[in-house]
Amino acid sequence: MDIQTHRLELTEISWVDLENIHRLHSIFEVDEFNTVGIPKNIEETRENIKPYVNAKECDPQSKYTWNIIIKATGEFIGLGGIKLSLDKFRIGEIFYKLLPEHWGKGYATEVSKQLIEVGFDRFNLHRIEAGCAVKNFKSIRVLEKSGMTREGIYRKILPIRGEWVDSYLYSIIEDERKKNTDR
Ligand SMILES: CC(C)(COP(=O)(O)OP(=O)(O)OC[C@H]1O[C@@H](n2cnc3c(N)ncnc32)[C@H](O)[C@@H]1OP(=O)(O)O)[C@@H](O)C(=O)NCCC(=O)NCCS
């Protein structure tokens, strides 16, 4: 399942993307607020992403991870994804991460808004969530520009480089989506 935005194409990841994903996961700035950790080698990345690549084989598929590609150049610039709850809850959790040379151009917001649209329209979700370390100011801004509301804080929930880090919980509910187009 592929997705288009104005400037970007999102294609589901497969093993041919391993090197790009390893490069992305090996950058300190990308990992700064993430729990993945810098992989020691490409084999560690292979293990880390196995459940996400293999998710395509599951029926029903509950995890989607997409390469983020600039349409005009075909360049890989990052990853985005959504994890779906059991059907009766109709919840999805989104994420995104980009190579630093592509930060500050509105790409993450473009992806986040599109994942929200896809979540409501194609996956028939009722609620879409995202978590975000409390000091990840760029991502906080992305979530707020995407029309999401800060619901609260999970205390000491993210294990990041040996510390327990607080995380905000953001969400948007299906009848709030109009906010997306108003901002
Ligand atoms: C978070 C991340 C995805 C943002 O990507 P991006 O494409 O630069 O985001 P956008 O350009 O769409 O928006 C960034 C916003 O943050 C703002 N911003 C940048 N630095 C900031 C800071 N220190 N404090 C507050 N806002 C800041 C930008 O000005 C912009 O807002 P604006 O459009 O109102 O000016 C990117 O930094 C990244 O990949 N980080 C590492 C992975 C990660 O943390 N992912 C999120 C996990 S929750």
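A: I82 is buried, because 22 other C-beta atoms lie within 10 Å of its own. A residue counts as buried if 20 or more other C-beta atoms lie within 10 Å of its own, as exposed if 12 or fewer do, and as partly exposed in between, with C-beta atoms placed from the backbone. The model is a predicted one, in which local features need pLDDT of at least 70 and side-chain atom pairs count only at pLDDT 80 or more, while totals for chains, interfaces and linings use all residues. Residues are numbered from 1 along each chain as its sequence is written.

I82 belongs to strand 4; strands here are DSSP runs of E with at least two residues, helices are runs of H or I with at least four, and both are numbered from the N terminus. Leaving aside residues up to four places away in sequence, I82 is in contact with Y64, G92, E93, I94, L115 and G119, where contact means that the C-beta atoms, placed from the backbone, lie within 7 Å.

Strand 4 (residues 76-84) pairs with strand 3 in the antiparallel sense over 7 bridges; two strands pair if DSSP finds at least two bridges between them. Within this pairing, F76 of strand 4 is the bridge partner of I69. The hairpin that the two strands form has 5 residues between them, and G74 takes a positive phi near 80 degrees there. Strand 3 (residues 63-70) is also joined by 5 bridges to strand 2 (residues 8-12), again running antiparallel. In that pairing, L10 has I68 of strand 3 as its bridge partner.

Helix 5 gives the largest share, 5 residues. Of the 20 residues around the ligand, W103, A108, T109, F137 and R141 come nearest, a residue being near if its C-beta atom, placed from the backbone, lies within 6 Å of the molecule. By class, the shell has 11 nonpolar, 5 polar and 4 charged residues. Here Ala, Val, Leu, Ile, Met, Phe, Trp, Tyr, Cys and Pro are nonpolar, Asp, Glu, Lys and Arg are charged, and the others, Gly among them, are polar.

Note on methods:
Two residues are in contact if their C-beta atoms, placed from the backbone, lie within 7 Å.
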